[in-house]
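Subject: Structure handover

Hello,

Here is the structure you asked about. My notes on what was found in it follow below.

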Amino acid sequence: MKLNIALLAGDGIGPEIIHEAVKISNAIAQKFTHEINWISGLTGAAAIDAVGDPYPEDTHSICLEADAVLFGAIGLPRFDNDPLAKVRPEEGLLRMRKKLGLYANVRPTFTFPSLIDKSPLKKERIKGTDLVFIRELTGGIYFGEKGRRNNGNIAYDTCTYSRDEIIRLARKGFELAMTRSKRLCCVDKANVMESSRLWRETVQNLEIEYPEVEVSYELVDAVAMRLVQWPNKYDVLITENLFGDILTDEASVISGSMGLMPSASLGNENALYEPIHGSFPQATGKNIANPIATILSAAMMFEMSFNLTKEGKLIREVVNKSLKRGIVTEDLSDGEKSYTTSEVGDFLVKEILNK
Ligand code: IPM
Ligand code: MG
């Protein structure tokens with residue numbers, strides 16, 4: 001198969017982790033005789049520095065033409081610490097999501113048996129955790145009307161959702177639930193917010209089309225609590241943009257390190273795969289970042305964009321092997337011997353080619 005993949009490395013550790021994901025994907029291509037055509041584009045601070053725009057038109061064209069996009073991370077502290085910065089790397093990410101129509105952000109959280117002791121939560125609480133958030137990604141407060149008034153002394157952001165935006169996101173949740181344990185949790189704040197009431201009403205109306213799916217409606221504050229109490233009780237959760245942003249960071253550490261969890265952002269025409277962690281600027285260039293989240297994002301890409309399930313499965317297998325053998329970066333090593341980003345990648349490549 002011929003795969004055209006747009007490669008957006010971004011900022012901070014982005015280039016290093018993307019480099020490893022490319023190595024692993026190329027090994028997979030060699031093993032299963034596929035041909036990958038990588039096309040690189042600029043995003044984030046790197047693009048601001050080069051052309052003054054965090055998501056340049058050229059990059060957008062590259063993404064539109066590709067079959068899938070593999071993305072590293074964006075953001076640098078020099079922008080976070082400057083409230084007057086005219087343009088921020090994150091704007092590039094938001095514009096990219098919007099322009100590519102990536103409305104459904106699929107963020108799984110699962111545990112690795114070999115890492116169960118690394119979790120900040122007790123073993124017996126997290127055992128068997130395997131849940132998936134589907135976060136709405138192109139609407140809500142991120143994209144609603146915002147601004148300042150009264151000479152800048154009052155600021156506002158508004159959360160707006162249309163029924164259609166909720167329906168298309170909720171359908172992804174129902175469909176995924178049908179392939180899993182047929183349980184769906186709709187996370188909202190319907191006791192306070194009007195937009196949440198529209199979410200709840202819309203999801204309730206869809207239930208009739210998926211009679212086998214058992215739907216629960218839970219308030220976001222309660223879900224934040226239950227996620228650390230009983231994460232293994234959840235299966236598929238759907239939620240709006242901001243709640244999803246917060247809850248998926250919370251959920252991501254259950255596995256033991258934020259550097260482990262992948263994600264997919266899906267639209268009707270385009271798909272983008274990225275680790276759920278950020279650009280970890282302090283680690284830039286040190287060859288210490290954990291590449292696994294990006295490598296597992298590549299596995300999701302093989303499976304979801306190209307239906308190459310054996311390829312995805314092999315990546316997961318070798319990743320599990322590396323974790324079991326302790327071939328891990330320092331975030332997972334607890335003072336024991338740790339390996340560099342590229343050593344972890346080298347091990348995985350060798351395992352893939354030897355299988
Ligand atoms: C994420 C990130 C982004 C978000 C930031 C970098 C804009 O936190 O992908 O979760 O808030 O969506
Ligand atoms: Mg986030």
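A polar contact here is a pair of N or O atoms within 3.5 Å. With that cut-off, Arg97 is in polar contact with ligand 1, because a polar atom of the Arg97 side chain is 2.7 Å from an oxygen atom of the ligand. Please keep in mind that the model is predicted.

Ligand site

Two further side chains reach oxygen atoms of ligand 1. For Arg107, a polar side-chain atom is 2.9 Å from a ligand oxygen. For Asp245, an N or O atom of the side chain is likewise 2.9 Å from an oxygen atom of ligand 1. On its own, ligand 1 has 320 Å² of accessible area, and the protein covers 75% of that.

The shell around ligand 1 is made up of Glu90, Leu93, Arg97, Arg107, Arg135, Tyr142 and Asp245. By residue class, five of these are charged and two are nonpolar, with no polar residue in the shell. Helix α5, residues 89-99, gives the largest share, namely three residues.

Aromatic pairs

The structure holds three aromatic pairs, and two of them are described here. A pair of aromatic rings is described by the distance of the centres and the angle of the planes.

Tyr161 and Trp199 form an edge-to-face pair, because their planes stand at 90 degrees, with the ring centres 5.3 Å apart. The two residues come from distant parts of the chain, 38 residues apart. Tyr161 is in the loop between β7 (154-157) and α7 (163-179), whereas Trp199 is in helix α8 (residues 194-206). Tyr161 and Trp199 are both buried.

Phe174 and Tyr210 make up a stacked pair, with 4.4 Å from centre to centre and 10 degrees between the planes. This pair also links distant parts of the chain, here 36 residues apart. Phe174 belongs to helix α7, and Tyr210 to the loop between α8 and β9 (214-219). Phe174 and Tyr210 are buried too.

Backbone angles

Most residues other than glycine have a negative phi. Two residues are listed here for a positive value.

- Lys182 has a phi near 65 degrees, which is positive, and is not a glycine. Lys182 sits in the loop between α7 and β8 (183-188). Its relative accessible area is 28%, so Lys182 is partly exposed.
- Asn287, also not a glycine, has a positive phi of about 60 degrees. The loop between β12 (271-275) and α11 (292-306) holds Asn287. With a relative accessible area of 27%, Asn287 is partly exposed.

One more position

Val228 is part of helix α9, residues 220-229. At a relative accessible area of 37%, Val228 is partly exposed. Its C-alpha atom is 9.5 Å from that of Pro120, and Val228 and Pro120 are 108 residues apart along the chain.

Regards

Note on methods: Residues numbered from 1 in each chain as written. Chains lettered and ligands numbered in written order. Predicted model: local features only at pLDDT ≥ 70, side-chain atom pairs only at ≥ 80, totals over all residues. Heavy atoms only, no water. Near = heavy atom within 4 Å. Polar contact = N/O pair within 3.5 Å; in protein donor to acceptor, adjacent residues only side chain to side chain. Areas by Shrake-Rupley, 256 points an atom, 1.4 Å probe, with all protein chains shown as cover. Helix = DSSP H or I, 4+ residues; strand = E, 2+ residues; numbered from the N terminus. Nonpolar A, V, L, I, M, F, W, Y, C, P; charged D, E, K, R; others polar. Phe/Tyr/Trp six-rings, centres within 6.5 Å; stacked < 30°, edge-to-face > 60°. Buried < 20%, exposed > 50% of the residue type's maximum accessible area, 1.4 Å probe, protein only.
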